[in-house]
Amino acid sequence: MKIHCLYRDFFLFLRMVNLESDSWATFKRYYFEKHRDFLSHVWYEYQKYSPGNIRERVAMLKKEDYAQIENELKLFDIEEHTREVVQHCKNLLHDPDSCNVYLYIGFFSPDGFVTRYHGSYVVCIGLERFRNFRDFDILLSHEYCHYILNKRGGESTESLARRIVREGIAVYFSKMAYPGRAEERYLFLKGERVHWLGEKYESILEKIRKGELKSVDLFGPQSEDLPPRTGYYVGYRLVDDFVRRTGVSDIQFLIKDENQILMDF
């Protein structure tokens with residue numbers, strides 16, 4: 001595997017920004033130009049930002065906004081932990097291929113995602129919103145499962161149902177890889193929200209089946225009726241119910257034959 005620690009150059013930029021008069025020029029010199037290809041892909045292709053959006057964000061940047069994550073990274077060896085988690089996941093999924101992981105700081109990045117970069121899928125971790133690394137292994141194992149799902153079965157852009165099921169498989173895998181924690185931690189939800197979603201699960205599932213809920217309702221940051229990350233809960237329940245009903249708990253089967261779970265829709 002190869003771990004790309006781009007975040008180090010972001011903190012170098014932060015150290016230099018007060019010493020130079022032009023923050024945009026400093027940003028380009030110490031961070032963007034060093035990683036232009038990857039950052040352009042993430043910002044302009046994956047997140048659909050424009051260069052103007054990035055320039056505006058750099059102009060508004062405050063060093064103190066990144067003080068906590070910088071301090072946390074001094075205590076948490078993220079490169080070594082990343083290597084350990086990926087190797088653990090590779091062993092569980094029997095995948096021999098090298099996996100590229102990018103640890104970077106962006107602007108309003110997802111905490112973790114998988115994208116196709118230079119013809120291969122890569123795992124990306126956007127660190128700017130992290131406050132601690134208590135569940136870093138859960139997050140990274142979740143994204144590694146998406147990496148395997150995409151690599152073996154292509155991306156899940158064709159249907160909302162497939163995206164929901166794949167999120168459920170990834171949650172199920174992270175729970176299998178790192179068992180023993182409260183269920184809400186695998187879903188990155190508060191306990192009371194998990195309880196509420198459990199009560200509303202059947203009605204939410206019925207609305208999805210009827211086409212009354214869209215991706216933005218289930219995975220977007222805000223919805224009038226549903227809490228964020230509802231789609232992750234629904235997917236996990238579908239997978240968990242499938243395992244309980246069939247007795248098939250092998251993660252290799254679930255990844256290979258995700259269509260079996262899709263039949264529940």
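Keep in mind that the model is predicted.

Four strands make an open, mixed sheet, and their order is 1-2-4-3. Strand 1, residues 2-5, and strand 3, residues 112-117, are the edge strands; each has a single partner, so one side of each has no neighbour in the sheet. From one strand to the next, the twist averages 25°. Strand 3 runs antiparallel to strand 4, residues 120-126, and six bridges join the two. Within that pair, V114 is opposite V123. Helix 3 packs on the sheet and touches strand 2, strand 3 and strand 4. The direction of helix 3 makes about 105° with that of strand 3.

Next, the loop between helix 3 (36-46) and helix 4 (51-60), where Q47 sits. Is Q47 buried or exposed? Q47 counts as buried because its relative accessibility is 16%, and the cut-off for buried is under 20%. The side chain of Q47 comes to 3.2 Å from the backbone oxygen of F108. Beyond its neighbours within four places in sequence, Q47 has contacts that include Y104, F107 and P110.

Last, helix 10, residues 191-209. Helix 10 spans 26 Å from first to last C-alpha, close to the 27 Å expected. At K200, helix 10 bends by about 60°. Its buried residues are V194, L197, Y201, I204, L205 and I208. Residues three or four places apart in an α-helix point the same way, because there are 3.6 residues a turn. The buried residues of helix 10 pack against helices 8, 9, 11 and 12. After helix 10 comes G211, with a positive phi near 80°.

How values were computed: Residues numbered from 1 in each chain as written. Predicted model: local features only at pLDDT ≥ 70, side-chain atom pairs only at ≥ 80, totals over all residues. Heavy atoms only, no water. Buried < 20%, exposed > 50% of the residue type's maximum accessible area, 1.4 Å probe, protein only. Polar contact = N/O pair within 3.5 Å; in protein donor to acceptor, adjacent residues only side chain to side chain. Contact = heavy atoms within 4.5 Å. Expected span 1.5 Å × (residues − 1). Bend = angle between axes of the 7 residues up to and from the residue. Pairing = 2+ DSSP bridges. Axes fitted to C-alpha atoms, helices over the stretch in contact; angles between N-to-C directions.
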